Amino acid sequence: MKPSHIEHIGIAVKNLEESIKYYEEVLGLKCYNIEEVKDQKVKTAFLKVGEVKIELLESTDPEGPIGKYIEKKGEGIHHIAFAVDNIEDKLKKAEENGVRLIDTTPRKGAEGLDIAFLHPKSTFGVLTELCEDKNK
Ligand code: ZN
């Protein structure tokens, strides 16, 4: 697999604006992009720490994945995303290694990345996202 780096850490929040304030005013980071991902029923905000991004996720629908997550577990770290090349290959290899896939083929995520999730039941409790920037 060998990801090149952690692309981002996804954090589920109830209120995007309030959480951005914390990251900007307390941690001194800068939000550089806010984007709605309709498919995921979320509004996302991105901040950068070195090469790694923080992806804040606010649900736009209580029935969406983040809405349900917050209802069950509350706010907090939702997933970790690893940057990979040849995401289709990496998914196939993960599956061959017995990992349960949430997405068998990549789909479009925020910032135009190709993304796919691995099931936390196969990844020791961490919802894992693979992502590839094919625009690079
Ligand atoms: Zn993500």
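These questions and answers concern the pockets and the sheet of a predicted model. Residues are numbered from 1 along each chain as its sequence is written, and side-chain values use heavy atoms, without hydrogens and water. In this predicted model local features need pLDDT of at least 70 and side-chain atom pairs count only at pLDDT 80 or more, whereas totals for chains, interfaces and linings use all residues.

User: Which element gives the most to the lining of the largest pocket?
Analyst: A pocket here is an open set of points on a 1 Å grid over the protein atoms alone, where a 1.4 Å probe fits, with protein on both sides within 12 Å along at least five of seven lines, and lining residues have an atom within 4 Å of a point. Of the 32 lining residues, those closest to the centre of the largest pocket are Pro65, Ile66, Tyr69, His78 and Leu127. Helices (H or I, at least four residues) and strands (E, at least two) are DSSP runs, numbered from the N terminus. Strand E1 (5-13) and helix H2 (65-73) are among the elements that each supply at least two lining residues, and the one that gives the most, with six residues, is H2.

User: What is the bridge partner of His8 in E4?
Analyst: E1 and E4 pair in the parallel sense over six bridges. In E4, the residue bridged to His8 is Lys53.

Technical notes. Pairing = 2+ DSSP bridges.
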